[in-house]
Amino acid sequence: MRNFPSSADLSREQQAIYSEHLDKALLIIGPPGTGKTVMAILRAQRMKDQNNESATILMKSKVLKEFTRTQAKQINVDNYDKYLGRKYNLSPAEKRVNGNYQFPWDLIYNRTKFHLDISQLKNIFPRQTIIDEGQDFPPVMWQLLSEIWIKLRKENINFVPSVMADENQRLNVDENSTIDDIRKGLSLYTEFFDSFKESNLTKNYRNTKEIAAFGKHFYVGNQTETPIYDDCRSG
């Protein structure tokens, strides 16, 4: 990204998402280059500026984490495995299966569902948590969010996550989430999914018109479709 945009530079569809109430949970879907990470950073910054409230942005990619950190000053940006490893106090042995590294999703889900009390659950995620590139997470992640949400809601504790996702960019098709996987996991408790506002980003900002047209040839029919690039710069 050559220049990181400010809120004044946003398109109409981006501005609508940026302006959503900070107590509204969001599911933002968009193909490559439509500005999902930009929206994640600007939403987190708005939370800090308006509410003086810390926000955490979580993602899988280490490269994306480092880029996001350079743009998201004074905002906590982390990889999910390190973040959740600290929060659940995972031992090195718990993160290995048959001698190989494997993040213990089922273990932390079961701890959340059956063992953690409210004081512990409150410390897993901050009230404002943003998950970028949600397609890189396994389906159990969304069930985990639902379990935390329903337990906190019963205690009248507000939890407002936002999820950015693009089915086109799954790193591992067999292990990662489709858009329907995300919706299904967030619907573990119906009222949780009903609290989400789902929006779409459609216009390409990252690639030139020629690169976007070339990339379209590899589209395989996922729900997030391909970006609109008719009026993109050439090159």
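Is Asp78 buried or exposed? Asp78 is buried, with a relative accessible area of 5%; buried means under 20%, exposed over 50% and partly exposed in between (1.4 Å probe, protein chains only). The model is predicted: local features need pLDDT of at least 70, side-chain atom pairs count only at pLDDT 80 or more, and totals for chains, interfaces and linings use all residues. Residues are numbered from 1 along each chain as its sequence is written, and side-chain values use heavy atoms, with hydrogens and water left out.

**Salt bridges**

- A salt bridge is a side-chain nitrogen of Lys or Arg within 4 Å of a carboxyl oxygen of Asp or Glu. The count comes to 10 salt bridges.
- Asp78 pairs with Arg86, their closest N and O atoms being 2.5 Å apart. Arg86 is exposed, at 52% relative accessibility.
- Arg111 and Glu94 also meet in a salt bridge (2.5 Å, N to O). This pair links distant parts of the chain: Arg111 lies in helix α5 and Glu94 in the loop between α4 (80-87) and β4 (96-97), 17 residues apart. Helices (H or I, at least four residues) and strands (E, at least two) are DSSP runs, numbered from the N terminus.
- Glu94 is partly exposed, at 26% relative accessible area.
- Glu66 and Arg69 form a salt bridge at 3.9 Å, N to O. They are three residues apart in helix α3 (residues 62-71), so about one helical turn separates them.
- Asp23, Glu53 and Arg127 are linked in a salt-bridge network.

**Aromatic contacts**

- Rings of Phe, Tyr and Trp (its six-membered ring) pair if their centres lie within 6.5 Å; planes under 30 degrees apart count as stacked, over 60 as edge-to-face and the rest as tilted. The count comes to 10 aromatic pairs.
- Phe103 and Trp105 have ring centres 4.9 Å apart and planes at 65°, so they pair edge-to-face. Both residues are buried.
- Tyr80, Phe103, Trp105, Phe137 and Trp142 form one aromatic cluster.
- The charged end of Arg46 sits over the ring of Tyr18, 5.6 Å from its centre (the rule: NZ of Lys or CZ of Arg within 6 Å of the ring centre and within 35 degrees of the ring normal).

**Second largest pocket**

- This pocket is lined by 16 residues; Gln102, Phe103, Trp105, Pro138 and Glu175 lie nearest its centre. On a 1 Å grid over the protein atoms alone, a pocket is an open set of points where a 1.4 Å probe fits, with protein on both sides within 12 Å along at least five of seven lines; lining residues have an atom within 4 Å of a point.
- Helix α5 (residues 105-114) gives the largest share of the lining, three residues.
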